[in-house]
Amino acid sequence: MSDRRSTRRRLLAGPYIVWMVLFTLVPLAMIFVYGFTAPQGGLTMANILAVGQKENLKALLLSLKLSLLCTVICLLLAYPLAMILRSNTKSSASLIVFIFILPMWMNFLLRTLAWQILLENNGVINTVLTFFGLPKAKMINTEGAIVLGMVYNYLPFMVLPLYNVLTKIDDSIFEAARDLGANSFWTFVRVTVPLSVPGIISGITMVFVPALTTFVISDLLGGGKILLIGNVIEQKFTTTYNWNVGSGLSIVLMIFVIGSMAVLQIFDKDGEGTAL
Amino acid sequence: MKKRLCLFLAMMMAAITCLSCGRSLPGTGGEGKGTEEASKEDNTVVVYNYGDYIDEDLIAVFEEQTGIKVIYDVFETNEEMYPKIESGAIAYDVICAGEYTIAKMMAHDLLQPINYDNIPNIKNIGEQYLKMCEQYDPGNQYSVPYVFGTVGILYNTKEVTEPVTSWDILWDEKYSGQIFMSKSIRDSFAVALIRAGYSINSTDEAEITEAKNMLIEQKPLVQGYFVDQTRDKMIAEEGVLGVIYSGDYMEAKNDNEDLAYVVPEEGSNYWTDAWVIPANAKHKANAEAWINFLCDAEVAAQNFDYLWYSTPNVAAQELIEEEYLNDPAIFPDEEILSRCEILAYLEPEVENLYNNAWTEVLSK
């Protein structure tokens, strides 16, 4: 009986295994093969070490800077929102969450292109500014525009896990804290924040990783002027045909992603962070 | 050379519609054969062209005239097209390609010589243009020119009141934040190399480095690096100066009268797109029929009315209105051409020098 059940289970898992092998393991293996070989063949570390080149290093550091900035802004925006949602009634909270997620029904590229039109020199925002007699602001094709694009696109990924974690905390815990003499500040610092760590971790990972690797946002809102590590890798694959260096840099980027997740895991002892 | 993405998509949809319509037409020979399984009796030609780079009506006219069914496929850039041809995965019969890519294909033995007995209309192509093409295709063995043009500066005459004569204006701090450069590596380097007084095909590392430093110096003044978007942004007056292909100028001017185009005095890039027949083509005679059809004077003139790119077809030029013929932005005259240079194919090591230098420019 148990044997039959386990066979059936294995059969049910089949499609997922095929999926994983074809679309995760094989591509990953290919990246590693390209990453550790020279275009003429033969093993090499040169593709990995290419990250040390001045321009690649600069792109990587800039990516780290902008994605960290984006993550911090998302956290600062999302936490109060999640707190507000928590104190709302269930139905109004889910309505607000729904509205927050609504833009995600539209294509990501279209939403980013829309920001281009908003931020342009003769764009919507500047037209409004000129109408009120204010000087035009130069917004498009700056680092700020890229961070804005990142925050706009990834904010829901921060709000959702925080909201989920915060709504799960029992009200009696806060009452207990107050009974024991903590004012609202200390309740927040000593009770709310520690209990929401899994949500924070989850949110940070889900915002930081895509922000670190993006090349579309920087391309559309940076005017091709600002090169992030994602753009460097994209160029290696498309315009310059150097798949080997492109793969090498991807591996380095993967190391950064895995590293950041490992650091975050230290704070998330219960392993709840992955739950959305 | 490259058009807006939406037009490209529209073209693809149109191409698909064309194909499915063509399939239901009786008596056109091989019914919808895949490119790989083309057999002897099927009468098709597999065409590979830039997106939005032909008046679509002409495809149907060709099918009617010759009874050859067209399987039409499009790409956006030479860089995207080349690996497909090199791998030989799909057997195209006739391809429209840029001159430096044609040279690259020749260097890799990917093309076969054209039999001019099947292309009597070659007589319509002007001697001077065929001679220009010999720079990359000696003896015109492998390619028949389709359209040509220059790279120049598109500027807004309301904002730029001084005469635009030199590439130097793209380094003028007065226009800081109002300049669009090309995202195409070779095009942007061409501008800097010409300004520094070198060939646009320089293989000298010191010269490339000098051009690189110029582009780095210019970067704070540049609003963005684009290819397809430059025209739209200039029409919307997002900037006042942009590096652009001559063919885009007519379309830009139709939408914004204040725009003007100039080929700077120091010279520029003169580019050609031409039809070639890959070595693995399965319907060579049909490919030649296709080229012959496009070399017809009236066909080329109709195509001009759609594309606005200059045609090397002198018989067609007689059918085109004076106003366009005399506009040096559309039909560059001898004097302009004498200042221009054709992009040559570069060895992979040199190409790498350019690629690395470009990454350095963009990462500043």
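Visitor: Is Cys133(B) buried or exposed?
Guide: In this predicted model, Cys133(B) has a relative accessible area of 2%. The cut-off for buried is under 20%. On that basis Cys133(B) is therefore buried.

Visitor: How does Cys96(B) count, as buried or exposed?
Guide: The relative accessibility of Cys96(B) is 0%. The limit to apply is again under 20%, so Cys96(B) counts as buried.

Visitor: How many disulfides does the structure hold over all chains?
Guide: A disulfide needs two cysteine sulfur atoms within 2.5 Å. Taken over all chains, the number of disulfides is 0.

Visitor: Which cysteine has the sulfur nearest to that of Cys96(B), and which is nearest to Cys133(B)?
Guide: Cys96(B) is in no disulfide, and its nearest cysteine sulfur is 12 Å away. Cys133(B) is in no disulfide either, with the nearest cysteine sulfur 11 Å away.

Visitor: Why is strand 9 of chain B described as largely enclosed, and how many of its residues are buried?
Guide: Strand 9 of chain B covers residues 268–276. The strand is largely enclosed by the rest of the structure because the buried count is 9 of the 9 residues.

Visitor: In which sense do strand 3 and strand 4 of chain B pair with strand 9 of chain B?
Guide: Strand 3 of chain B (residues 94–98) pairs with strand 9 of chain B over 4 bridges, and Gly98(B) stands opposite Asp273(B). Strand 4 of chain B (residues 143–156) is joined to strand 9 of chain B by 7 bridges, with Ser143(B) having Val276(B) as its bridge partner. For strand 3 the sense is antiparallel, and for strand 4 the sense is also antiparallel.

Visitor: Which residue of strand 8 of chain B stands opposite Asn156(B)?
Guide: Strand 4 and strand 8 of chain B run antiparallel, joined by 4 bridges. In strand 8 (residues 259–262), Ala260(B) and Val262(B) point one way, Leu259(B) and Tyr261(B) point the other way, and all are buried. The residue opposite Asn156(B) is Leu259(B).

Visitor: How many helices and strands make up the secondary structure of chain A?
Guide: Chain A has 276 residues, of which 40% are buried. Its C-alpha trace spans about 80 × 70 × 35 Å along the principal axes. The secondary structure comes to 13 helices and 0 strands.

Visitor: How far apart are the end C-alpha atoms of helix 10 of chain A?
Guide: Helix 10 of chain A (residues 197–213) has 17 residues, of which 13 are buried, so it is largely enclosed by the rest of the structure. At 1.5 Å a residue the helix should span 24 Å. The end C-alpha atoms agree with this, being apart by 24 Å.

Visitor: How is helix 5 of chain A placed against helix 7 of chain A, oblique or roughly parallel, and in a crossing of which hand?
Guide: The axes of helix 5 (residues 108–119) and helix 7 (residues 143–168) of chain A come within 11 Å and cross at roughly 140°. That angle makes helix 5 of chain A oblique to helix 7 of chain A. The crossing of helix 5 past helix 7 of chain A is right-handed.

Notes: Residues numbered from 1 in each chain as written. Chains lettered and ligands numbered in written order. Predicted model: local features only at pLDDT ≥ 70, side-chain atom pairs only at ≥ 80, totals over all residues. Heavy atoms only, no water. Buried < 20%, exposed > 50% of the residue type's maximum accessible area, 1.4 Å probe, protein only. Helix = DSSP H or I, 4+ residues; strand = E, 2+ residues; numbered from the N terminus. Pairing = 2+ DSSP bridges. Expected span 1.5 Å × (residues − 1). Axes fitted to C-alpha atoms, helices over the stretch in contact; angles between N-to-C directions. Parallel < 35°, antiparallel > 145°, perpendicular 65-115°, else oblique. Left-handed = near helix turned anticlockwise from the far one by under 90°.
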